[in-house]
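Welcome, and thanks for taking a look at this one.

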Amino acid sequence: MTDLPPAIRFSHVSKVFGGVKALQDVAFEVGQGEVHCLAGENGCGKSTLIKIITGVYQPEPGAEMALFGEALGTITPNLARQKGIAVIWQDLALFPEMTVAENIAFETMLGNRPRLVDYRALRAKAEAALARLEVSLDLDARLGTLPIAQRQVVAIARALVNDARLIFMDEPTASLTQAETDALLAVVRTLSARGV
């Protein structure tokens, strides 16, 4: 994968909020298929950096940003999503009353106007995403009945349905047992081997 451009290349990234420097002259690069841990104390700017990469915040002037080899002047949340950047926050942002399949592929049902849901297509997309992760889950199970480790797999599968090429996970092992952590890391290795 060394001949591919980096998934992200940022340099000279700074962010100031009301006179307080949240980030100062940060350089950050991740190659396609690489796995990194961004570690630091609370308040050191980890979430701010992720929010800049995903277009939630704009950096101070002078930042140089590139996604998958394309230099960008600004990044919006929609552009980041189109480029394949996904964030799985600690709260997972899933729907416990919906099924596994619905949680994985629900965004494919969204649009500007109401329409009928093609449950066969929805299930096929969910099944394909789980297959990419080499994981099997009951597609008809209500998400709220699953343990947190399986919910994380659902969140990762949803990112894949939306063509994620770079996935940030916010403290993914914080509430997992060692066995669950090992299973999650196996999923991460599978993604890495496929260039995500």
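A salt bridge here is a side-chain nitrogen of Lys or Arg within 4 Å of a carboxyl oxygen of Asp or Glu. With that rule, the count is five salt bridges. Please keep in mind that this is a predicted model, where local features need pLDDT of at least 70, side-chain atom pairs count only at pLDDT 80 or more, and totals for chains, interfaces and linings use all residues. Residues are numbered from 1 along each chain as its sequence is written, and side-chain values use heavy atoms, with hydrogens and water left out.

**Salt bridge between Glu-102 and Arg-142**

- The side chains of Glu-102 and Arg-142 form a salt bridge at 4.0 Å, N to O.
- Glu-102 sits in helix α3 (residues 100-105) and Arg-142 in the loop between α4 (119-132) and α5 (148-161), so this pair links distant parts of the chain, 40 residues apart; helices (H or I, at least four residues) and strands (E, at least two) are DSSP runs, numbered from the N terminus.
- Glu-102 is buried, with a relative accessible area of 15%, whereas Arg-142 is partly exposed at 43%; buried means under 20% relative accessible area, exposed over 50%, and partly exposed in between (1.4 Å probe, protein chains only).

**Salt bridge between Arg-9 and Glu-29**

- In the salt bridge of Arg-9 with Glu-29, the closest N and O atoms are 2.7 Å apart.
- Because Arg-9 belongs to strand β1 (residues 8-17) and Glu-29 to strand β2 (residues 20-30), the pair ties together parts that are 20 residues apart in sequence.
- Arg-9 is partly exposed, at 43% relative accessible area, and Glu-29 is partly exposed, at 43%.

**Salt bridge between Arg-123 and Asp-140**

- Arg-123 and Asp-140 meet through their side chains in a salt bridge of 2.6 Å, N to O.
- This pair links distant parts of the chain, 17 residues apart, with Arg-123 in helix α4 and Asp-140 in the loop between α4 and α5.
- Arg-123 is partly exposed, with 33% relative accessibility.

**Enclosed space**

- The structure has one cavity of 30 Å³ or more; a cavity is a set of points on a 1 Å grid over the protein atoms alone where a 1.4 Å probe fits but cannot get out.
- The volume of the largest cavity is about 60 Å³, a volume being the space filled by probe spheres set on the points, which are joined across faces, edges and corners.
- Residues lining the largest cavity include Ile-88, Trp-89, Gln-152, Met-169 and Glu-171; lining residues have an atom within 4 Å of a point.
- The lining of the largest cavity divides into six nonpolar, two polar and two charged residues, where Ala, Val, Leu, Ile, Met, Phe, Trp, Tyr, Cys and Pro count as nonpolar, Asp, Glu, Lys and Arg as charged, and the others, Gly among them, as polar.

Definitions and conventions. 1 Å grid on protein atoms, 1.4 Å probe; cavity = no way out; pocket = protein on both sides within 12 Å on 5 of 7 lines; lining within 4 Å.
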